[in-house]
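Here is a friendly note to read with the model open beside you. Take the points one at a time, and find each place on screen before moving on.

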Amino acid sequence: MGLVRDNGVTISGSNADIPGEPQPTGRTLDEAAAEIGQRPLLPAEVPPGITVAVARRSRQRRAEFHGWRLADTQDEQEQVVQACVLVVSQTSLVHYTKRPKPLRAALDGSTAVPEIEPLVDEKYWKRRYNYFARFDEGVRMDPAAWFEVTPESVARHIADRMKYNLVVDGTCGVGGNAIQFALNSHRVIAVDTMAERLQDAAHNAGIYGVRDRIEFVCDDFAHFAKTYHGPQIDAVFLSPPWGGPAHLDAHHFALKDVECPDIIQLFAAAASVSKRVVLYLPRHADLHEMVLLASAHGFAAVEVEKVFFEYPTPHLKLCVIYFWPEALTCPPPAAKGSKKKVGPTGQPNSKPNLLQEAARQQLPCESPCTTKLRDGLLGLPPLAGPVLRAMYCRFHYVGKYAVAVALAFERQQARVAGQRNRGSEALSPVKEGAGSVAEGFCHPALRAPVASALCQAFDDCSGIEANRESAARLKWLLAEVPLLDLLCVASDASTGGPSSNAVSTWGSRLVDLLETRLPEVYHRMLAWRKTAALQASATLTTPSSEQSQTKRISARR
Ligand code: MGP
């Protein structure tokens, strides 16, 4: 048994080194990789670019990982090799959240600062504006949220990448991610097992002005997914518990370290309702486990985004793993990664203008349009501002008339824009590349790096020439065969194919497997090799015949 926290989260892992405690399942499973001599693959070890990660497990360990039941006839010790392309990207975030002044408190005399949890560590309290830039406006957090909530800059960055019609946040908590999704996407469903947390999330969403864009559902996400009968879900985001701050005590994080909820089951549920699943994980997550998840749910490639914080010193903070088709159909990310400045979201975090605020409270109706217009009127440059304000105050009906006319105009514009938008597809984060690449196939720009990464991961022959030939063959195959199929053949070839003997190489076993499994592709490959060889010999003979002709001419002279 693991430890049960106050918030109902059961954790195992490093915390379970308590004398007398039986070994928790998480750690036992975690040792599965070590059993066959494979070290966990940590994000810090993987540079930006393309890597093929290969997970090796015994059949039994893999079944335990996924919670599958093994057929009695299967050999439990037999090894399974699974591979996945990791598209590793790197983003450095720079917060520039300034402490907002308590606007409302200044106006109505109430204190907008929420009650401070006495048990909140100083470290977390100092970061409160990083968690929610508008913290002072009454953001509500529960004890677990202080260490679990996604910092606003990270949540905003993820939401920038996940602009869709419908996003489901399967582990809503106090709403850090759901709010940012709602600021970017059309609709959000936020699911959590704890009703109080959802109430806090709804309250916080109100502060950010997106309460009406989020549908809050109190349910276990796995159950929600099983019973869901709504419109198509474009993406599911999961930020499961990691086992509290102590998760960093262990050398690496295994998904089974958290016993409840079962992250692997949550993932399976998410993959059953959407073709995009995004996992928020610690910086020392074992990427081999991502390979197991990806292979079991039909993802040939996943994007591993390493998120760095620039301050106080640049350091890897966490990882976001995007299981989505775009990982395959987009060109590879820039090797150096990107640096992004992320400021506060919701309303601008500018200096409070008490006059604006006072006028805001006098206005009859609250709508984004009126707010915008009012701010426009009241925020005009020196001369125009006072004149308009005087008009508004003295001749109230003139102001009202101006507001009404402007509102009608804005509404008409919004209607036209809405009609224009409705015709378009779901908002997608992918602008280039996708669509032009057939489903399941590699983007042309990815083929060369994936081919060489496959060679690095599997090819056991040492000769540079053989390796080059192998890479060229794989590059051609990537244009002909869906990546997932090729990865299957490549993995099986690594455990031994039909011609498996002491001298056979991975490359030759791959070709043998192709012949039996994909004969059509195999014969096309032979034809391609023949043509390529003929072309090569033609280019070799052409210069020599030219040379002999020049020689003949010079001899005649
Ligand atoms: P952190 O606790 O701030 O790490 O976690 P640390 O060591 O304080 O970071 P450093 O910058 O001081 O080195 C980093 C982030 O991970 C937090 O802001 C949370 O968003 C997230 N996080 C941490 N924990 C313990 C959890 C968790 O249990 N579940 C989820 N979903 N996120 C967590």
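1. Buried means under 20% relative accessible area, exposed means over 50%, and partly exposed is in between, with a 1.4 Å probe and protein chains only. Helix 7 spans residues 152-161, and because 8 of its 10 residues are buried, the rest of the structure largely encloses this helix.

2. A word on what you are looking at: this is a predicted model, in which local features need pLDDT of at least 70 and side-chain atom pairs count only at pLDDT 80 or more, while totals for chains, interfaces and linings use all residues. Residues are numbered from 1 along each chain as its sequence is written, and side-chain values use heavy atoms, with hydrogens and water left out.

3. Now step back to the whole protein chain. It contains 22 helices and 13 strands, and 47% of its 557 residues count as buried. Its accessible surface comes to about 28200 Å², with 55% of that belonging to carbon and sulfur atoms; such areas come from the Shrake-Rupley method with a 1.4 Å probe, and for residues only the protein chains shown count as cover. Among contacts (heavy atoms within 4.5 Å) between residues at least 6 apart in sequence, 72% join residues at least 24 apart.

4. The buried ones are Leu-287, His-288, Glu-289, Met-290, Val-291, Leu-292, Leu-293 and Ala-294. After helix 12 comes Gly-298, which has a positive phi near 80 degrees.

5. Which residues touch the most other members of the largest nonpolar core? They are Phe-221 and Phe-323, in a core of 132 residues. Strand 4 (residues 79-95) gives the most to this core, with 8 residues. A nonpolar core here is a set of buried Ala, Val, Leu, Ile, Met, Phe, Trp, Tyr and Cys residues joined through side-chain atoms within 4.5 Å. Not counting residues up to four places away in sequence, the residues that Phe-323 touches include Phe-267, Val-277, Met-290, Leu-293 and Phe-299.

6. Next, find the ligand. It is surrounded by 20 residues, the closest being Lys-123, Val-149, Ser-239, His-315 and Lys-317; to be near, a residue must have a heavy atom within 4 Å. A polar side-chain atom of Arg-127 is 2.8 Å from a ligand oxygen atom, and one of His-315 is 2.7 Å from a ligand oxygen atom. Taken alone, the ligand exposes 640 Å², and the protein buries 90% of that. Helix 4 (122-126), helix 6 (145-148) and strand 12 (315-323) are the elements that give two or more residues to the shell.

7. Two peptide bonds deserve a check. Most peptide bonds are trans. A cis bond joins Cys-260 and Pro-261, with omega about 5 degrees, and another cis bond joins Tyr-311 and Pro-312, with omega about -5 degrees. Pro-261 sits in the loop between strand 9 (258-260) and helix 11 (263-273), whereas Pro-312 is in the loop between strand 11 (301-309) and strand 12.

8. Is His-66 buried or exposed? His-66 counts as buried, because its relative accessibility is 6%. This residue belongs to helix 2 (residues 59-66). Leaving aside neighbours within four places in sequence, His-66 contacts Ile-264, Gln-265, Leu-292, Leu-293 and Ala-296.

9. At 38% relative accessibility, Pro-245 counts as partly exposed. Pro-245 and Phe-147 are 98 residues apart in sequence, yet their C-alpha atoms are 6.9 Å apart in space. Beyond its neighbours within four places in sequence, Pro-245 is in contact with Tyr-124 and Phe-147.

Key. A polar contact is a pair of N or O atoms within 3.5 Å; within protein, one must be able to donate a hydrogen and the other to accept it, and residues adjacent in sequence count only if both atoms are side-chain atoms. Helices (H or I, at least four residues) and strands (E, at least two) are DSSP runs, numbered from the N terminus.
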